[in-house]
Amino acid sequence: MLTHRSTALRSPDARTKAVCEEMFADIAVAGPRVLSLRYFNPIGADPKLRTGLQLKRPSHALGVLIQAHQEGRSFPITGTNYPTRDGSGIRDYVHVWDLAAAHIAAIERFDSILTGSMRSIAINLGTGSGTTVRELCAAFNNVVSTPLATIDAAPRPGDVVGGYTKSDRAA
């Protein structure tokens, strides 16, 4: 059962994840065991490029970067006065292929993870280190033929400095 949180829930996304995990723990008391995989910022495509952007107007950083590049416009870095290495928000971007591998591992190891009285657990999936939005833009510019210009913008409503996972359980 999830009873302790080491960090405050600072975003609507974090709060809704926590509510669902508490619900899963309650359900697991009398019902099926629940293993919840908690990841933060999926990014990328599978190696055969069968997946990628699925939304016409994406809202996630990489999708907006790609779209700005395709349209020849600047990329707005929303929030540039955070207490991070470069002032931009920090996220734990985890590749979708790594998430797919984690899902398979969770299925294969389900019975060895949820043993005895343990009926429910949440496992963080991530790199364990954060990447700032400016660092993401720099990495993007390293692989495109024409670098993308950025502009500083105000934070979006609900934006937080961000963070990254503590992924010990995933190991």
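These legends go with close-up views of a predicted model.

Residues are numbered from 1 along each chain as its sequence is written, and side-chain values use heavy atoms, with hydrogens and water left out. In this predicted model, local features need pLDDT of at least 70 and side-chain atom pairs count only at pLDDT 80 or more, while totals for chains, interfaces and linings use all residues.

**View 1. Helix H2 crosses helix H4.**
Two packed helices are described by the angle between their axes and the distance between the axes. Here H2 spans residues 61-71 and H4 spans residues 133-143. (Helices, H or I of at least four residues, and strands, E of at least two, are DSSP runs numbered from the N terminus.) Their axes come within 11 Å and cross at roughly 45°. (Axes are lines fitted to C-alpha atoms, for helices over the stretch in contact; angles run from 0 to 180 degrees between N-to-C directions.) The pair is therefore oblique. (Under 35 degrees is roughly parallel, over 145 roughly antiparallel, 65 to 115 roughly perpendicular, and the rest oblique.) The crossing is right-handed.

**View 2. Leu65 sits in the largest nonpolar core.**
This core has 15 residues, and Leu65 and Phe75 have the most contacts inside it. (A nonpolar core is a set of buried Ala, Val, Leu, Ile, Met, Phe, Trp, Tyr and Cys residues joined through side-chain atoms within 4.5 Å.) H2, strand S3 (75-78) and H4 each supply at least two of its residues. The largest share, five residues, comes from H2. Beyond its neighbours within four places in sequence, Leu65 is in contact with Phe75, Leu136, Cys137, Phe140 and Leu148. (Contact means heavy atoms within 4.5 Å.) Another core, of nine residues, lies apart, with Leu35, Leu99, Ile121 and Leu125 among them.

**View 3. Leu35 is buried in strand S1.**
Its relative accessible area is 17%. (Buried means under 20%, exposed over 50%, partly exposed in between, with a 1.4 Å probe and protein chains only.) Leu35 touches Ala106, Phe110, Ile113, Leu114, Ile121 and Ile123, not counting residues up to four places away in sequence. Leu35 and Ile121 are 86 residues apart in sequence, yet 5.2 Å apart in space, C-alpha to C-alpha.

**View 4. Gly31 lies in the loop between helix H1 (12-30) and strand S1 (34-39).**
Gly31 counts as partly exposed, at 24% relative accessibility. Gly31 and Gly130 are 99 residues apart in sequence and 36 Å apart in space, C-alpha to C-alpha.

Conventions:
Left-handed = near helix turned anticlockwise from the far one by under 90°.
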